[in-house]
Amino acid sequence: MFAFVVRRLIWGVFIVLGVIVLAFFAVEAAPGDPFAHLESPKMTKEDLALIKEKWGYGPDKTTMDRFGIYIKRLVLEQDLGDSIAQGRPVSQILSTAIPNTLKLTVAALILDLLLGISLGVIQAFKQHSWLDRIGTFGSLFLYSMPGFWLALMLALIFAVTLGWLPRHGINSPGESGFGDYLKHLILPAFTLGVAAAAYTARFQRSALLEVIRQDYIRTARAKGLSETKVIWKHAMKNALLPTITLFGLYLPFLMSGTIIIESIFAWPGMGLASIQAINARDPQVVTAITIVATTMVVLGSLIADILYAVVDPRVRLS
Amino acid sequence: MRAVDWLLPGVGHVRHGFRREARKYFLFMAIWLAIVILRWERVRSIAHVALGWQKPGLFWWSLGVAFVGSAFWAWRNGAWRTLSGFWAVALGVAFVPWERVLAGSTLSASWAAADESWIALRFLLAWPLLWMWGARRGLDRLLNPPSREAQTPWQIAMGMLRRNGRASIGLRVLGLAYMIAFLAPVLAPYDPERLPRAGTVLKALAPVSTVYVIGDTRDGEVYCLGFEIDPDDSTKLLLDRMSSTKKIPLTRVGGPRKGWKLPATGVRTVTGTRGGDPFAVEVPYRAETFPLGTDDLGRDLMSGLIYGSRISLSIGFVAMVIAVVIGAIVGTVAGYLGGWVDFGLMRVVDILMSFPRLLLLMLIYAGYAAAKEEVSIFVIVAILGATGWMGISRLVRAQILSLREQDFTMAARALGLTQRRIMFRHLLPNSMAPLIVDSTLRVGNTILLEAALSFLGMGVQKPTPSWGNIVNGGQQVLADAWWVATFPGLCIVFVVVSFNLVGDALRDALDPKLRE
């Protein structure tokens, strides 16, 4: 197990490195000028050239040079560089953005597991009932739904028409309480979580149905246990295991989802930051966000694998 | 059951219990006739644009090609009677004075581009032939039901798909959607890119609202009367239009306000004052009704949805094909060759898969958008296809890994076939079933991604309407105009649900493990 984790971690570092190269050169290849926003009548050409020189964009510097400097700073000083567009360290931007995204993602995951597992269990429990049929059809609709549209519809109903929940941002102006924060969190987290919950419910349903057909469940029933006890004490223990692996698969999905959800609800996290950075052609920020997102994905799938091995002794990591 | 005796054009004489097929036949005929009759003006205009009547040479050329082609066909099949019947009809059609029938196109050239009209016209002509062929096959199946033993596995799967109720719902919705996409210039009530004249319509109009239009709309702008009147500006524009030399400031317009009903066309009196003196002008107008309202820019929403369907439906499909081709090649090569090739390719796949796809798409798009002023739809398709193949290659590789150990691969190798032949003629076709299922489910996913990109402003650019960028416009006016964001989203949901239904049913049909 230890060897497995070490091997996966080393491989994860390679993946992240590959992604760094990909992200860096993709942004650099974009012919847009990251300094375009600085140009103003007050600034002479020399000033601009000086600034470019300072940022490593001088006429004698190539993309490879900048890449070398970037990697050196990253590896030796653990420094992600500075944002050209915003003029402050990338780590400062990320230190506010990452916690926001993490809170959103965790809230979405909790919602997803709560809704998805309970719906899946109810559906499997009452297979072929109208509840099961509605659940199956509902989850089909939910995961065929564009996330941005669901977000807009929820905002339209609960924020615009009913006015129960706030439409934008993380806190109302002038307020900073936890209740206010929670109110702002509901819409984005629900949008993000409910689409994933559709997958989870589908998965959980088929997992539980498979377990119910096994012999030991028949034995449990033959002992005269109540159906509730059979499901919750015997079947669920095994049926929950595959759902745990889903967690690893959801991370990339949630990472992509946050980009859209955050831009709709003006949630100041990584997704919003990445859109701003891409529009401003801010290479350092884009690369940094990509690194963070990829690291989360790689770590997430590793954790999911380890968890699976821990909870299910039948699984051997190799 | 009462025996039926019908002569169905294109099918033949039917004297059997043919109810189901006949009902379908008549339904299709009714829809086709309804479209042609109700939209005859539009069909006429499109034919005018598509056939290029200013150059009748094209018409005679195509007639000549059809003559030679059909003669060849008749010679091969010995079907001289059919041929003479066909040409009797064709020559009759040819000598109708079409120039006179088609004259008077009401379409503006910018809207009905020639190739769009071509596609719509061809589809309209090919459709009856398709349904006749389908009814004929249905009749054939009814009279000679295929025995289960004589069917290929593919035929069995298709039979299962046909009997699957959910799949047939999905297929019908998709058929309808593709039909609407093909016939977009015929069905769309207005030019989807036509903007109202600046200052005339100030906000998105609600569904089923009517605007009274003054003057013609051939130059791509609408002049509206009496809607949300801004006494100074809009009316000034209005009179500007009527008498282009004189500018007459008006203080009041006697036009229809909200809730007013007027005949569809007519003459209305516009009153105002000119330099303190009151006056009245007779203005001809006609009504334009927007069934789903207008979007944030004042363009007709329904036409936008109809035209936008072409983008969603084609992008999803073409991007899927690109992704499948790349993924199948990579997966086959990696799985069959193994060793370092496999290792290298799979590591590339690993890296690309851990990159959040939307971020990757946005990056590539940003790079491309900066290089070119305008990003064409083909580029977006290519980007979507080029970033979607990783999952497919893993799937195919897993299939190939098990297939290459089987005896038929050994036999192929023993015959001395080249590696390329073994890979793409023997192994890949055998892993087709899961590939087909996966790619059907992927189309829906790709449609969602394209919509998301367009929504973020990094896909199809306005003014070309696509479902994603209409929702983007709807986001701006969400508080005032719910319909702009709602309807295109519903379209996306229905299409993607249909693709997923068909994909699920295909999986059930193609997976022999699920079959009893």
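Trainee: What should I know before I start?

Mentor: The model is predicted, so local features need pLDDT of at least 70, side-chain atom pairs count only at pLDDT 80 or more, and totals for chains, interfaces and linings use all residues. Residues are numbered from 1 along each chain as its sequence is written, chains are lettered from A and ligands numbered from 1 in the order in which they are written, and side-chain values use heavy atoms, with hydrogens and water left out.

Trainee: How many helices and strands does chain A have?

Mentor: Helices (H or I, at least four residues) and strands (E, at least two) are DSSP runs, numbered from the N terminus. Chain A has 12 helices and 0 strands.

Trainee: Into which domains is chain A divided?

Mentor: Domain bounds come from an automatic or database domain assignment. Here you get domain 1 (2-90) and domain 2 (93-311), with C-alpha centres 33 Å apart. Contact means heavy atoms within 4.5 Å, and 28 residues from domain 1 of chain A and 21 residues from domain 2 of chain A take part.

Trainee: How do I read the size of an interface?

Mentor: It's often given as the accessible area lost when the parts come together. Buried area uses a 1.4 Å probe and is summed over both parts. Between domain 1 and domain 2 of chain A that area is about 2,100 Å², and carbon and sulfur atoms give 72% of it. On the domain 1 side, A:Arg8, A:Val27 and A:Val90 lose the most area, together 25% of what that side buries.

Trainee: How many salt bridges does the rule find across that interface?

Mentor: A salt bridge is a side-chain nitrogen of Lys or Arg within 4 Å of a carboxyl oxygen of Asp or Glu. Across this interface the rule finds 0 of them.

Trainee: Which helices of domain 1 touch domain 2?

Mentor: Helix H1 (2-29) and helix H3 (63-77) of chain A each supply at least two residues of that side. H1(A) gives the largest share, 12 residues.

Trainee: Is A:Gln284 buried or exposed?

Mentor: Buried means under 20% relative accessible area, exposed over 50%, partly exposed in between (1.4 Å probe, protein chains only). A:Gln284 counts as buried because its relative accessibility is 12%. You'll find A:Gln284 in helix H12 (residues 283-311) of chain A. Leaving aside neighbours within four places in sequence, the contacts of A:Gln284 include A:Tyr70, A:Asp82 and A:Val90.

Methods: Buried area = accessible area lost by both parts, 1.4 Å probe.
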